[in-house]
Amino acid sequence: MSLVTRLRSWLPAVLVGGVPATGLAAVYAWRNPDLPAALAFGVMLALTWPILAAGAQILWFDRERTDADIERHAHDVERAWFQEAAATAFATLMGGLIALEYLGDALRLSWLSPIGLTHVLALGSGTFCASYAWLRLRNR
């Protein structure tokens, strides 16, 4: 498949992902009046658009290929690493969030307690990436 054909196959997902990303960016800029509106809008748009476009492509526009890839690699080593890293991240996230909440309360750190979305994303994605990288290095 050529690069042009591949880019054309992603065009509907990019367009569909742009609509909610623009809405989310507008709401973010509106709800944070202390930030420069154009900068807040641009950063939020740049952060959400690729995620929404990729999700639309994988889950909606190219569903047959996604299902075929999943079936073809159902017992692949990479899939096993991914599942183990996800399980590790989930367990660490649950325990880590409880620990962060109590630590924030005990030390009276307002930025650490109560738990916010930033804590969840940082701890969850960081643990997943570290676990996946460790599994790859250990098993290669």
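Two residues are in contact when they have heavy atoms within 4.5 Å of each other. Keep that in mind as we walk through this predicted model, where local features need pLDDT of at least 70, side-chain atom pairs count only at pLDDT 80 or more, and totals for chains, interfaces and linings use all residues. Residues are numbered from 1 along each chain as its sequence is written, and side-chain values use heavy atoms, leaving out hydrogens and water.

**The whole chain**

In the protein chain, 62% of the contacts with a separation of 6 or more are between residues 24 or more positions apart. The secondary structure consists of five helices and zero strands, in the order α-α-α-α-α. Here helices (H or I, at least four residues) and strands (E, at least two) are DSSP runs, numbered from the N terminus. Of the 140 residues, 20% count as buried, meaning under 20% relative accessible area with a 1.4 Å probe, protein chains only.

**Some helices to find**

| Helix | Residues |
|---|---|
| α1 | residues 3-31 |
| α2 | residues 37-61 |
| α5 | residues 117-138 |

Helices α1 and α2 pack with their axes 6 Å apart, at an angle of about 145 degrees. The axes are lines fitted to C-alpha atoms over the stretch in contact, and angles run from 0 to 180 degrees between N-to-C directions.

**A closer look at Thr127**

Is Thr127 buried or exposed? Thr127, in helix α5, counts as buried because its relative accessibility is 15%. Apart from neighbours within four places in sequence, Thr127 is in contact with Thr88, Ala89 and Thr92.

Key: Buried means under 20% relative accessible area, exposed over 50%, partly exposed in between (1.4 Å probe, protein chains only).
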